Amino acid sequence: MTAFEYDVVVIGAGPVGENVADRVVQGGLTAAIVERELVGGECSYWACMPTKALLRSASALRAARQLPGAREAVTGRLDAAAVLGRRDSFASHWKDDGQVSWLESAGIALHRGQGRIRSPRVVQVTGVDGVTVTLTARHAVVVATGSSALLPDIPGLREATPWSSREAASAASVPRRLAIIGGGVVAAEMATAFAALGSSVTMLARDGVLPLAEPFAGELVTESSREAGVSVRLGANAVSVSRGDSGTVHVDTADGEQVEADEVLVAVGRTPNTQDIGLENVGLAPGVWLAVDDTLRVVGGGGWLYAAGDVNRRVLLTHQGKYQARAAGDVIVARARGEKVEDGQWGRHAVTADERAVPQVIYTDPEVASVGLTAAAAAAAGLRIRVVDYDLGSVAGSSLHADGYKGHARMVVDEDRKVIIGFTLAGPDVAELIHAATIAVVGEVPLDRLWHAVPAYPTVSEVWLRLLETYGR
């Protein structure tokens with residue numbers, strides 16, 4: 001058996017694992033990364049990039065059709081084959097040569113295969129050929145194995161070979177009829193994408209559409225989805241699924257209805273990829289989310305085991321996982337060198353933003369962009385808040401952006417500190433507006449100071465001034 005020794009061993013070569021290893025190497029340590037699938041992970045091949053490629057062409061077409069002059073220049077329908085082809089290019093045709101080349105250039109060793117922790121700081125890698133390699137970490141092992149789509153225990157579902165987010169993101173063709181079980185982010189985005197590509201889409205949203213967002217966001221997306229031809233069935237609960245000999249999928253609901261489709265996409269949540277990584281060998285339960293402290297060390301992990309990204313369940317978003325990765329890499333280096341650990345709120349080695357300032361964009365029609373707490377979450381936390389709303393379509397920049405622009409903006413203010421703790425925008429092309437709100441939330445900028453941040457006219461960002469005016473000086 002071949003053996004290697006590194007300062008840090010990272011299990012999982014998605015964006016999170018790559019960033020941990022990169023920070024470690026930049027800090028002067030050695031690092032190896034273990035990957036059983038494609039280097040680049042879920043985001044590169046089955047999530048962030050390919051799914052947004054599926055959505056972007058339809059978004060651009062809608063934007064053109066909302067502008068006189070441009071509308072007249074647009075002829076024909078969306079070319080589904082061209083959209084899928086562009087998606088393929090963003091997924092690098094499911095080849096990881098480019099990502100592997102980057103690892104080499106960054107000085108990060110790659111070991112392909114299934115990584116399993118065998119004892120403290122020891123990881124055994126089993127390749128597809130059955131050959132095993134032992135990696136020993138001098139300082140830390142980092143679990144960055146991510147998550148997979150959760151498949152609920154609905155009778156007949158597994159036998160019906162449903163789509164998960166992976167199959168939806170990499171679909172080779174557009175099904176004539178698509179049933180979606182779920183109403184969250186993946187469900188809403190894929191309903192938007194496949195309806196635009198020509199599918200007849202039915203969404204069974206038991207808990208509503210975008211139930212964790214501000215209510216107005218889900219309402220706007222529901223309305224727009226229905227206008228696009230999506231059958232949105234709020235409160236519908238799938239109780240059984242079957243696929244007939246002809247290939248047709250039948251989804252039965254609790255209220256006695258049956259939905260027929262050519263494919264069924266299940267998008268009801270995620271489950272951690274911790275089942276087969278050897279946690280039981282170091283006293284931890286396999287198949288569970290890994291609890292961590294604010295420097296990403298695993299609770300009960302002996303001080304040498306870290307977990308970053310989806311697998312710790314703090315925030316299941318790629319950009320937030322990469323934020324965690326930078327903190328984890330830096331704190332591992334600091335501890336290895338005996339340097340001071342800055343783990344207080346907003347410290348260099350703490351991931352405070354996970355709790356207070358998580359930005360997210362949902363690429364539906366309309367887009368939903370948010371950061372921080374919703375009004376409901378802030379109230380549940382016992383904060384004394386004021387909620388300020390404004391019609392985004394009433395801003396001058398919005399009327400220029402598109403005829404009939406429809407949207408909404410909300411800021412949630414902590415009345416005791418007079419700072420913004422939550423901000424949500426819903427409307428066409430609002431994604432690029434959210435970072436200003438993220439800076440305001442992270443910087444805890446007082447409202448009195450924000451009055452001096454004058455938005456350029458006529459831009460959609462003028463909504464900041466309108467929200468402040470609504471709040472009152």
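User: How many disulfides does the count come to?

Analyst: The model is a predicted one. A pair of cysteine sulfur atoms counts as a disulfide within 2.5 Å. By this rule the count comes to one disulfide.

User: Which cysteines form the disulfide, and how far apart are their sulfur atoms?

Analyst: A disulfide is a covalent bond between the sulfur atoms of two cysteines. Here the bond joins Cys43 and Cys48. Their sulfur atoms are 2.3 Å apart.

User: Is the disulfide of Cys43 and Cys48 left-handed or right-handed?

Analyst: The answer rests on the torsion about the S-S bond of Cys43 and Cys48, which is about -135°. The disulfide is therefore left-handed.

User: At what angle do H3 and H8 pack, and what is the term for their arrangement?

Analyst: Helix H3 covers residues 48–65, and its axis lies 9 Å from that of H8. The packing angle is about 60°.

User: Which residues of H8 does H3 meet, and what is the hand of the crossing?

Analyst: From H3, the residues involved are Thr51, Lys52, Leu54, Leu55, Ala58 and Arg62. On the H8 side they meet Glu189, Met190, Thr192, Ala193, Ala196 and Leu197. The crossing in which H3 passes H8 is left-handed.

User: Which strands does H8 lie across, and at what angle does H8 run to E9?

Analyst: Helix H8 spans residues 185–197 and lies across E8, E9 and E14. Strand E9 comprises residues 200–205. The direction of H8 makes an angle with E9 of about 165°.

User: In the sheet with the order E10-E9-E8-E14, which strands stand at the edges, and why is one side of each left without a neighbour?

Analyst: This is an open sheet of four strands with parallel pairing. Each edge strand has a single partner strand, so one side of each is left without a neighbour in the sheet. The twist averages 15° from one strand to the next. The strands at the edges are E10 (231–234) and E14 (263–266).

User: What is the bridge partner of Ile180 in E14?

Analyst: Strand E8, residues 177–181, pairs with E14 in the parallel sense over four bridges. The partner of Ile180 in E14 is Leu265.

User: Is Ser225 buried or exposed, and which residues does Ser225 touch beyond four places away in sequence?

Analyst: Ser225 belongs to helix H9, residues 215–227. Its relative accessibility is 6%, so Ser225 counts as buried. Leaving out residues up to four places away in sequence, Ser225 touches Val230 and Val232.

User: What is the strand order of the open sheet of five strands, and which are its edge strands?

Analyst: The order is E17-E18-E21-E20-E19, and the pairing is antiparallel. The edge strands each pair on one side only. They are E17 (359–362) and E19 (385–391).

User: How many bridges join E20 to E21, and what is the bridge partner of Val413?

Analyst: Strand E20 (residues 408–414) and strand E21 (residues 419–427) run antiparallel and are joined by seven bridges. Val413 has as its bridge partner in E21 the residue Ile420.

User: Which helix packs on the sheet, touching E19, E20 and E21?

Analyst: The direction of this helix makes about 130° with that of E19. The helix comprises residues 463–471 and is H16.

User: Where is Pro366 placed, and is the peptide bond from Asp365 to Pro366 cis or trans?

Analyst: Pro366 is in the loop between E17 and strand E18 (367–372). Omega of the bond from Asp365 is near 0°. The peptide bond is cis.

User: What is the phi of Asp429, and what is its accessibility class?

Analyst: Asp429 lies in the loop between E21 and helix H14 (434–442). Its phi is near 60°, a positive value in a residue other than glycine. With 29% relative accessibility, Asp429 counts as partly exposed.

Conventions:
Residues numbered from 1 in each chain as written. Predicted model: local features only at pLDDT ≥ 70, side-chain atom pairs only at ≥ 80, totals over all residues. Heavy atoms only, no water. Pairing = 2+ DSSP bridges. Helix = DSSP H or I, 4+ residues; strand = E, 2+ residues; numbered from the N terminus. Axes fitted to C-alpha atoms, helices over the stretch in contact; angles between N-to-C directions. Contact = heavy atoms within 4.5 Å. Left-handed = near helix turned anticlockwise from the far one by under 90°. Buried < 20%, exposed > 50% of the residue type's maximum accessible area, 1.4 Å probe, protein only.
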